[in-house]
Amino acid sequence: MKKIFKIIGIVLLVLIIGIIAAPFLFKSQLENLVKKTINNNVNATVAWQELDLSLFSSFPDAALKIKDFSVINNAPFKGDTLASGSELQLDMGIMQLFKSSGDPIQVDEVRLNDAFINIKVDTLGNANYDIAKKTETTTTNTTDQPVAATEDGGGFQFDVQHYEINNSRVNYLDESTKTFLRLTEVNHSGTGDFSADVSTLETETSALASFDLDSVNYLNENKIKLTADIEMDLKNQKYTFKDNEAMINQLPLVFQGYVQVNETNNDIDLSFETPSSDFKNFLAVIPEEYAKNLDGVTTTGDFRVSGIIKGIVDETHIPTLDISVSSNNASFKYPDLPKAVEDIVIDAQVKNETGLVDDTYLRLGNITFRIDQDRFAASGRIDRLTTNPLVDMALKGRLNLANLERAYPLELDQDLNGILNVDMTTNFDMESVDKEQYQNIKSTGMANLTNFKYTSPELPNALTLSEAAVKFNTSTITLEKLQGQTGQTDLSATGSIQNLIPFLLSKQDLKGRFSVKSNTINLNDFSVAETTTTTTEDNGEVKEKETVVAGSDAIKIPSFLDAALDFSAGKVIYDNITLTNVKGNIAIADETATLSNVSSDIFGGNIALAGNVSTKSATPTFKMKLDLSAIDIDQSFAGLDLLQGIAPIAKALKGKLNTDIELSGNLSDDLTPVLSSLAGNALAEVLTAKVNPDQMPLLNALDGKLDFINLADIDLSDLKTKLSFDNGQVAVKPFDFKVKGINVTVSGSHSLENVMNYNLNLDVPAKLLGNKIGSTLAKLSDTDLETYTVDLPVSLTGSFNNPQVAVNTQLAVNNLTQQIIATQKEKLKNEGADKVRDALGGLLGKATGTNPAVKDTTAVQQKPTDTTTSKNEVKDAVKGILGGLLGGKKKKVDTTKSNN
């Protein structure tokens, strides 16, 4: 007995060692086999991160796991991902590992986890899943099942008994038919015997399905479930549906039929229907998030869905279709809502009777319902569903929109309200829409909405429309009347929309022209700042603080809008500015609003402006020309930040002003100018103005430095100046004005942050400098100083609110001194010349005893005096005169010596 146990122990040990060692012994062999199989059978780039062999996870089978794999297409879909996934597992019997290299390995189970399968068919009919290499011979096994052969004869034989696809997604795009099917959260499993000629495959499927046809969405993440037993005739490639039940959202369907795969086509014969005729089935078609819980919903009447899909599928044909949806005299009522929807009639059909794609159409024979006394009806037909849809529809009825929420559990951001009346027909084909052949679009009728109220977090007050009436004709939709009110703002509009249908159906720009009138427009009625409440604690006491935060989204001019607007308003209020008699034109296109012929009364005068605002680039820009005429300086500079930045000193002025301003620059997200980006120029003309120095620290400081004048006495009437601005700097072209006869010249610049660098030059009468001119010059009489003027330089730096004023009095005094010296020298020269003539004349007259002015013919006959004495007297006299003239001192006469 002991020996038997020993033998058993040895065998178990060998088996355990074998199980542990097998992955290492066979991993390389299997990986090489996978690579050879792929290379011989697949025309694509296949890669994986890791390949493992395990004998424990699926014992007693061996499990080959390929992790993080991908299949990338070659031409004509080069670079596209056909498939990828986190794990592909192939289970096989352990004995399969010991087969010779020439024998195929039989796979029993396949599991695919977290996979993405991306199927694509292009406009030429090429399919990206067609990656199998073409071979001339096919190897079969004893059960006539195909074998993936390698060049050495070995490969994988798929005799699968069970397969799974878990948590995966599938995309299917057919560009030729513009069909797009997307399945997400796919979980599918099947159990059957693929080695038998005929067997039954038991399947379970669940997924979220989305379906688009020609850019129109028909399903959006609708839940589908399918339990199906499929009889598989693998030899004849025929698959017959036996006991089957599907769920689309909450709508149950049973179906039967078969799919036959032939060499050149597929043959389909399927039929389906609802297992019951309760009208609750209709509500079940609607996605659950909209239909909500159907428990407790009471219904009357019936609802049926039935269909037949039958025929050949090949490159030319599709199966014929006959899918009907019908209901008669039905109603439903939700238990928690006060209203019921009654008199429901549904008669709709999707049909194709020829098997040609172009002949598929949707017929809406009659769809009606009633809520209270309001009835609504629609009917029509859409032909050529898959190619060039031809729409022929009629709508007629009256609806109290508020009753929709009272009868059906809608969850809308905006409460429905108002009375809608519609009576219209439309007929058009999508190709005419795409090619802008509007003459082929025929819409006639009217729509009218009354007593509508719109509320939104973006509006501080509700917008009420007392009436909005629209009339439809062949190519134009006319807004015949619109009356609205929000806050203080009232609006009345008429106009036309040229292409509403192309705008709605093919995303073209919305084109139109409108005329808007208003008694009062308060722009504050259209702006709201978000508020946030912060909670803080102070010594255990909870305090709340409300902070106003501007909206984070930038204001954008709609890119789809191509419209012109003529407007007039009796009064427009913007913050603390009021404009009256406002009128003008706005053209909107290409994310740009162009203003023209805009005029208004403002600030006691009027304004005209033209220009544009564009939000097309990441940073909004503007370019404007403003003409302000006879505006009140005090009002305008208090109301316009722009003028305060350009000419802040005008804050101290009172009077009237004309100005022309041309400027451009960037805008912030709320479309206010960024001052540092401004460029342009301005021409200002002061009509009448008085100065109040107390309103401007600069003028106060300047007034204190110039004690000989009073800046309140400045008269700036008829002053003209030109300004230019760029890169945040305002440059002022030199201009002159007078203060009580004193001419002042101003030049310089300042920044839009009010940092200044200005020079003033005052042409000041010398007498006003007073004791600043020094004691020597002060001895001159007022009459003498009255004739002199001097340039007095003043520099202004710092900011307008904290100015630095420097008056260069010393330079003025020096200049004045030089003027006086030059004048006195000239005066003395003139006086000296007169004295010399007088002195010389006197001396000559004294010498002859006669008046030098009288010619004495007898003088030569007189006896000459002492010539030495005469020469000395003349010399002394000349020295005295020149000394006085040149500032020298006269020598005293030594009377003692002369007496001697």
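Thr-520 counts as buried because its relative accessibility is 16%, where buried means under 20% relative accessible area, exposed over 50% and partly exposed in between (1.4 Å probe, protein chains only). The model is predicted, so local features need pLDDT of at least 70 and side-chain atom pairs count only at pLDDT 80 or more, whereas totals for chains, interfaces and linings use all residues. Residues are numbered from 1 along each chain as its sequence is written, and side-chain values use heavy atoms, with hydrogens and water left out.

Thr-520 lies in strand β24 (residues 510-522); strands (E, at least two residues) and helices (H or I, at least four) are DSSP runs numbered from the N terminus. Contacts of Thr-520 (heavy atoms within 4.5 Å) include Lys-571 and Ile-573, residues up to four places away in sequence not being counted. Strand β24 pairs with β27 (residues 561-574) in the parallel sense over 12 bridges, pairing being assigned if DSSP finds at least two bridges between two strands. Within this pairing, Ser-518 has Ala-569 of β27 as its bridge partner. Strand β27 is also joined to β28 (residues 577-589), antiparallel, by 11 bridges, and Asp-566 stands opposite Asn-585 in β28.

Turning to charges and rings, a charge sits over a ring if NZ of Lys or CZ of Arg is within 6 Å of the ring centre and within 35 degrees of the ring normal. Lys-238 lies over the face of Tyr-258, 4.5 Å from the ring centre. The charged end of Arg-381 is placed over the ring of Tyr-361, at 3.9 Å from its centre.
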